[in-house]
Amino acid sequence: MPKTSARLLSLLSLLQARRDWPGALLAERLDISQRTVRRDVDRLRELGYPIVASKGPDGGYRLDAGAELPPLLFDDEQAVALAVALQIATTTGAGIEEAAARALTTVRQVMPARLRRRIDTLRFTAVEPSAIRPNPQADGGVLMALSAAVHAREVLRFDYAPASPAGATDDDRADPPPRRAQPHHLVTWGGRWYLVAWDLDREDWRTFRADRITPRTPTGPRFTPRELPGGNVAAFVAGRFKGLDGAGAWPCRGEVILDLPAAAVSCYIRDGVVEELGQDRCRLVLGSWSWPGLAAAIGRFDAGIEVVGPAELKDAFARLARRYADAAGDASGAPATPPPVP
């Protein structure tokens with residue numbers, strides 16, 4: 001490679017590494033004069049790189065954003081990270097799978113052989129959602145529009161498609177009126193994209209599925225952001241998906257004592273509380289969507305269970321006991337006698 005071309009690539013790499021570069025420091029790093037730096041900057045501009053120069057004693061150069069994306073340089077770790085990120089882009093639900101595949105092909109073609117070997121030896125499978133309940137793809141343009149409204153703090157007007165009941169047809173659904181909301185956050189949860197917003201008509205916080213949103217233009221007036229309940233969007237969204245108002249508590253919560261050491265239980269509990277009561281006993285406080293669901297979650301531990309409370313949890317264990325006894329009777333060909341209600 002000619003010396004000038006190699007120097008241009010080195011200069012471009014430096015300009016990408018930090019925002020502002022004093023001309024004297026660039027000349028020192030490249031071991032050239034500041035006059036040569038100016039000439040090389042002009043050559044890069046002719047190639048389409050938008051380099052901005054600042055005048056004065058402390059003047060320097062900055063690689064700015066332009067109308068088009070020019071060729072970029074990556075170091076080894078950046079190139080590997082980019083390739084890995086492109087491979088898992090199919091799990092984002094953002095509708096960018098084809099573009100990610102094309103970008104990965106482009107990046108791989110220009111990689112040195114040593115980096116291609118690293119990428120090719122990193123084999124993994126991005127498991128897509130179950131076909132029983134597939135995650136619908138959000139439109140990339142819609143995500144960009146929602147994100148822009150969040151950033152600009154502008155009221156959104158949009159059509160929101162309702163969930164389709166089993167067996168429903170287009171003739172069964174009337175067109176709902178457009179929604180008006182103040183967008184606050186764009187988040188992902190369980191492979192789906194959601195908009196967290198203050199619903200102006202219902203005067204309450206809502207989470208909207210992005211794949212059901214069709215934005216209307218233009219957007220509304222600017223607004224002053226409200227304080228999200230709890231102040232943390234992750235905790236708020238987690239609480240909403242537990243069926244509550246963002247407080248982060250399950251609608252059903254119970255307490256039991258298990259004949260197991262706390263260490264054997266805590267590794268399987270995500271958001272419950274486990275307390276050591278002895279060598280082979282522990283107290284477990286856990287939550288769930290429903291009382292039968294909570295009883296089933298506790299019943300997975302192969303150990304004795306003492307229900308501390310509440311009464312709804314005891315009733316749920318009794319219902320499950322009768323149900324399991326009936327199932328065992330069907331399996332053996334003889335009816336089973338259900339145990340008494342505790």
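Predicted model: local features only at pLDDT ≥ 70, side-chain atom pairs only at ≥ 80, totals over all residues.
## R209 and its salt bridge

D211 and R209 form a salt bridge, with their closest N and O atoms 2.9 Å apart. R209 sits in strand 7 and is buried, at 13% relative accessible area against a cut-off of 20%.

Who else touches R209? Setting aside neighbours within four places in sequence, R209 is in contact with P136, Y160, R192, W193 and Y194.

## The ring cluster

Searching the whole structure turns up five aromatic pairs. One of them is F158 with F208, an edge-to-face pair with 5.1 Å between centres and 80° between the planes. F158 belongs to strand 4 (residues 156-160) and F208 to strand 7 (residues 204-209), so this pair ties together parts that are 50 residues apart in sequence. Both F158 and F208 are buried.

F208 also pairs with Y160: the ring centres are 5.2 Å apart and the planes are at 80°, so this pair is edge-to-face. It links distant parts of the chain too, with Y160 in strand 4 and F208 in strand 7, 48 residues apart. Y160 is buried, as is F208. Put together, ring pairs join F158, Y160 and F208 into a cluster.

## Helix 8 and what covers it

Which residues of helix 8 (residues 233-240) are buried? They are F236, V237, G239 and R240. These residues span an arc of only 160° around the axis, which puts them on the same side of helix 8. The cover over the buried residues of helix 8 includes strand 5 (179-189), strand 6 (192-199) and strand 7.

## Other salt bridges

The salt-bridge count comes to 15. Among them is R180 with D201, at 3.1 Å from N to O. R180 is in strand 5 and D201 in the loop between strand 6 and strand 7, so the pair ties together parts that are 21 residues apart in sequence. R180 is partly exposed at 36% relative accessible area, and D201 is partly exposed at 43%.

D42 and R45 make another salt bridge, at 3.2 Å from N to O. They are three residues apart in helix 3 (residues 34-46), so about one helical turn separates them. An α-helix has 3.6 residues a turn, so residues three or four places apart point the same way. D42 is partly exposed at 38% relative accessibility, and R45 is partly exposed at 34%.

There's also a salt-bridge network, which links R7, D40 and R43.

How values were computed:
Residues numbered from 1 in each chain as written. Heavy atoms only, no water. Phe/Tyr/Trp six-rings, centres within 6.5 Å; stacked < 30°, edge-to-face > 60°. Helix = DSSP H or I, 4+ residues; strand = E, 2+ residues; numbered from the N terminus. Buried < 20%, exposed > 50% of the residue type's maximum accessible area, 1.4 Å probe, protein only. Contact = heavy atoms within 4.5 Å. Arc of directions from axis to C-beta. Salt bridge = Lys/Arg side-chain N within 4 Å of Asp/Glu carboxyl O.
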